[in-house]
Amino acid sequence: MEAEKRVASSKKAENNRDKKMTRKEILEKKKKVQEIIKAALSEKDPLSSFPSFHHYSTKDLSVYLDSGRGDYLSSSVKQYIQYLLKVNMEVAYGTEWPKEEKVKRREMVSSEARYIFVYETVNADANIMFKLSKKGRSNADGTDDKGHLVAFVHYRFTIEEEIPVLYVYELQLEQRVQGKGLGKFLMLLIELIAQKSKMSALVLTVQKANMTAIHFYRNKLRYLISTMSPSQMGLQSNYEILCKSFDSETKAVLEVCNPFSLVLNIKPKRTQIRFDISHALKILPRIHASDYCINW
């Protein structure tokens with residue numbers, strides 16, 4: 001009897017050690033994630049690592065990019081951000097806009113807010129304008145001597161589901177510079193910044209009423225609905241949370257599997273085939289149940 005008690009006591013002690021090890025590993029992982037975020041926030045100018053993204057040009061558009069922080073915004077830039085947000089987002093938010101506008105005003109000046117600003121260049125070389133941007137001064141008319149603002153990205157380095165992510169708070173372009181590839185260019189830059197900063201994913205929120213934005217992120221940039229999105233938790237909401245993961249571990253946590261994906265195990269070869277529902281509907285009439293065993 002005593003021997004059994006000693007064995008039981010030994011097993012209990014072993015289980016406790018395993019739990020302590022697991023807790024230690026969890027704490028170490030959290031510490032590592034916090035260090036990654038801290039290092040990302042300490043970067044003074046993330047844009048400096050990507051010289052090819054300092055300017056963007058098409059046949060009818062020439063702009064240059066500059067980086068910034070929420071707690072260093074000039075009054076004219078704050079006014080511009082508020083103006084463009086109202087123009088672009090008031091309709092999508094509907095009756096919720098007055099409340100949401102106050103939230104966005106607080107968010108935009110946070111010390112954790114990071115920005116990419118897009119300035120239009122007129123009769124000037126983009127590289128020269130980029131160098132001058134470091135000496136820019138604010139004017140009272142909503143612009144400054146860096147040029148005319150036409151777009152901006154507001155992003156942050158943060159933690160979601162214990163994973164370091166770059167969260168895109170805002171991607172806002174004036175209507176006259178939309179449809180010229182600038183939005184895709186900016187999101188590619190943000191993706192590069194995220195990867196260089198050792199983030200595991202990009203995350204963003206999009207209003208369901210903003211069908212243009214949903215098409216842009218889902219179809220053009222291949223973002224997926226996140227497991228964090230209200231729709232995946234059985235909650236009614238007017239927005240979705242989208243994400244793009246950079247590794248399989250993060251995908252398993254943040255991304256929702258395609259509900260229209262089917263797996264067939266077909267005998268006798270037991271070949272596993274994965275395809276979407278439209279393809280399934282085309283080939284299923286040609287598969288005879290008497291010849292094959294199909295497991296959905």
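**View 1. Helix α3 lying across the sheet.** Helix α3 lies across β3 (114-120), β4 (148-160) and β5, and it runs at about 80° to β4. Angles like this one go from 0 to 180 degrees between N-to-C directions, with axes being lines fitted to C-alpha atoms, for helices over the stretch in contact; contact means heavy atoms within 4.5 Å. Helices (H or I, at least four residues) and strands (E, at least two) are DSSP runs, numbered from the N terminus. Another helix, α6 (residues 211-220), also packs on the sheet: it touches β5, β6, β7 and β8, and its direction makes about 155° with that of β6.

A quick note on what you're looking at: this is a predicted model, where local features need pLDDT of at least 70 and side-chain atom pairs count only at pLDDT 80 or more, while totals for chains, interfaces and linings use all residues. Residues are numbered from 1 along each chain as its sequence is written, and side-chain values use heavy atoms, leaving out hydrogens and water.

**View 2. The open sheet, strand by strand.** Eight strands make up an open sheet with mixed pairing, in the order β1-β2-β3-β4-β5-β6-β8-β7. At the edges sit β1 and β7 (224-225), each pairing on one side only. Two strands pair if DSSP finds at least two bridges between them. Strands β6 (residues 201-207) and β8 (residues 239-245) run antiparallel, joined by seven bridges. Look here for Leu204, which stands opposite Leu242 in β8.

View 3. Lys180 and Asp60 meet through their side chains in a salt bridge (2.9 Å, N to O). Lys180 sits in the loop between β5 (163-173) and α5 (182-196), and Asp60 in the loop between β1 (55-58) and β2 (61-69), so this pair ties together parts 120 residues apart in sequence. A salt bridge here is a side-chain nitrogen of Lys or Arg within 4 Å of a carboxyl oxygen of Asp or Glu, and the rule gives a count of ten.

**View 4. Salt bridges along two helices.** In helix α2 (residues 75-93), Lys86 and Glu90 are four residues apart, about one turn of the helix, and their closest N and O atoms are 3.4 Å apart in a salt bridge. Over in helix α3 (residues 97-108), Glu101 and Arg105 are also separated by about one helical turn, and their side chains meet in a salt bridge (3.7 Å, N to O). Glu101 is buried at 17% relative accessible area, whereas Arg105 is partly exposed at 42%. Buried means under 20%, exposed over 50%, and partly exposed in between (1.4 Å probe, protein chains only).
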